[in-house]
Amino acid sequence: MPAQPDGNGLADLQHRFAHAVLQAPLEVPDGIRHDVRPTRERRFGVYRNNVKASLAAALAARFPVVERLVGEEFFTAMALVFIEQHPPRSPVLAEYGAAFASFLEEFDPAADLPYLPDIARLEWSRYVAFHSADASAADIGRLAELPPEALGSVRLGLHPAMAVIASPWPIVSVWSTNTHDATPEAPAADWTGETALVTRPHLDVLVQRLPPGADLLVAELAQGIALGAAADAASRAHDGFDLATALATLFGAGAITTLSQGSSS
Amino acid sequence: MINRTTTVALAAAVAAAALMSSGANAQTANADKEKCYGVSMAGKNDCAATGSNSCAGTSKADYDAKAWKYVAKGSCAKMEVTLKDGKKRMGTLAPM
């Protein structure tokens with residue numbers, strides 16, 4: 001058993017060390033001293049455990065509602081599977097967890113909670129929004145001041161921290177009661193889908209429900225489509241779309257930052 | 001191209017939206033929430049009245065009586081927490 005790092009020296013040892021820390025079966029990399037007590041397996045095991053436990057703790061801090069829904073014990077076990085399948089690709093811990101939602105879709109033991117991936121998406125969007133660039137939200141008064149004939153061609157710029165998560169499940173209700181209430185309330189009797197709007201107009205991340213069809217309006221606006229055409233597309237695609245409610249919600253949440261006149265109408 | 005009807009409809013929608021937003025703007029998402037003291041777990045508070053911690057997410061003890069978090073309006077006084085010594089108490093709308 002070789003006890004010393006080979007020709008490539010430290011860099012090579014570090015590479016094998018990093019690999020062995022997250023690998024499933026415990027295999028102490030060559031080059032770790034073995035003439036010590038307690039055994040090198042136990043000593044390396046402490047190291048592995050610390051790395052995994054801190055990654056699991058970071059996930060729990062990032063996805064508190066997912067943790068509350070499945071329980072602490074289940075969450076930790078699930079996080080360890082995730083860490084094994086999706087080890088960090090970046091040295092920045094703050095970037096870890098982007099793949100958690102899609103992992104949950106494939107994680108059979110959690111299949112009883114089909115809304116879990118969308119809850120994770122909502123929590124990740126909140127987290128990303130928290131770290132996004134600042135921008136000043138535009139007041140709806142600026143839109144109301146425009147002459148009526150200019151409204152159709154105005155382009156609305158979206159806030160960099162804004163995110164929309166459409167779900168077939170009532171994710172805003174589930175997220176909200178599990179975030180604010182000591183005892184979660186049972187969700188509404190009609191277990192209908194909700195679309196979450198995540199914004200951070202100032203220092204706080206806000207989560208609210210988007211009215212039906214408003215996500216389509218946002219998708220159009222995000223492509224730089226002018227308000228008139230975007231509203232047309234949303235009402236064609238969704239019968240219940242109400243432009244006034246959609247605009248009030250978006251401006252009220254600080255989702256719109258700029259108004260600009262496009263060249264074509 | 002935008003026809004006359006669409007322009008009128010747009011103007012009406014924008015005016016209605018501006019009306020809906022006035023007043024609602026300042027309150028935004030926390031409108032249906034109230035500050036509830038003494039119910040937040042360590043590190044899970046939204047803020048605090050004085051002293052014990054600086055603000056959001058910084059309380060050091062479970063159910064710190066001076067730390068508050070937003071809860072659904074009307075639910076604060078109904079919230080019961082079990083303290084470390086096994087005693088139970090309810091949340092309050094003012095710091096304890």
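Visitor: With which residue does Glu194(A) form a salt bridge, and how far apart are the closest N and O atoms?

Guide: A salt bridge is a side-chain nitrogen of Lys or Arg within 4 Å of a carboxyl oxygen of Asp or Glu. Glu194(A) forms one with Arg209(A), the closest N and O atoms being 3.0 Å apart. The two partners lie 15 residues apart and link distant parts of the chain: Glu194(A) sits in the loop between α9 (171-180) and β3 of chain A, and Arg209(A) in strand β4 of chain A. Helices (H or I, at least four residues) and strands (E, at least two) are DSSP runs, numbered from the N terminus.

Visitor: What should I know about the model and its numbering before going on?

Guide: This is a predicted model, in which local features need pLDDT of at least 70 and side-chain atom pairs count only at pLDDT 80 or more, while totals for chains, interfaces and linings use all residues. Residues are numbered from 1 along each chain as its sequence is written, chains are lettered from A and ligands numbered from 1 in the order in which they are written, and side-chain values use heavy atoms, with hydrogens and water left out.

Visitor: Is Glu194(A) buried or exposed?

Guide: Buried means under 20% relative accessible area, exposed over 50%, and partly exposed in between (1.4 Å probe, protein chains only). Glu194(A) has a relative accessible area of 12% and is therefore buried. Arg209(A) is at 45% and so counts as partly exposed.

Visitor: Where does the salt bridge partner of Arg200(A) lie?

Guide: The side chain of Arg200(A) meets that of Asp134(A), with 3.0 Å from N to O. Arg200(A) is in the loop between β3 and β4 of chain A, and Asp134(A), 66 residues apart from it, is in the loop between α6 (116-131) and α7 (140-145) of chain A. Arg200(A) is buried, with a relative accessible area of 4%; Asp134(A) is exposed, with 64%.

Visitor: In which sense do β3(A) and β4(A) pair?

Guide: Two strands pair if DSSP finds at least two bridges between them. Strand β3 (residues 195-199) of chain A and β4(A) pair in the antiparallel sense over five bridges. They form a hairpin with six residues between them, and Val198(A) stands opposite Val207(A) in β4(A). In a regular strand the side chains alternate between the two faces of the sheet. As for cover, four of the five residues of β4(A) (residues 206-210) are buried.

Visitor: Why is helix α12 of chain A called largely enclosed?

Guide: Helix α12(A) (residues 243-252) is largely enclosed by the rest of the structure because nine of its 10 residues are buried. Among them are Leu243(A), Leu247(A), Leu250(A) and Phe251(A). Just after the helix, Gly254(A) takes a positive phi of about 75°.

Visitor: How many helices and strands does chain B have?

Guide: Chain B has two helices and five strands, in the order α-α-β-β-β-β-β from the N terminus. Of its 96 residues, 35% are buried.

Visitor: Which residues does Thr92(B) contact, leaving aside its neighbours within four places in sequence?

Guide: Contact means heavy atoms within 4.5 Å. On that basis Thr92(B) is in contact with Lys35(B), Cys36(B), Tyr37(B) and Cys76(B). Thr92(B) lies in the segment after β5 (88-90) of chain B. Between Thr92(B) and Cys36(B) there are 5.7 Å in space, C-alpha to C-alpha, and 56 residues in sequence.

Visitor: What is the area buried between chain A and chain B?

Guide: Buried area is the accessible area (1.4 Å probe) that two parts lose on being put together, summed over both. Between chain A and chain B this is about 2000 Å², with 69% from carbon and sulfur atoms. The contact takes 29 residues from chain A and 24 residues from chain B, and the salt bridge count between the two chains is zero.
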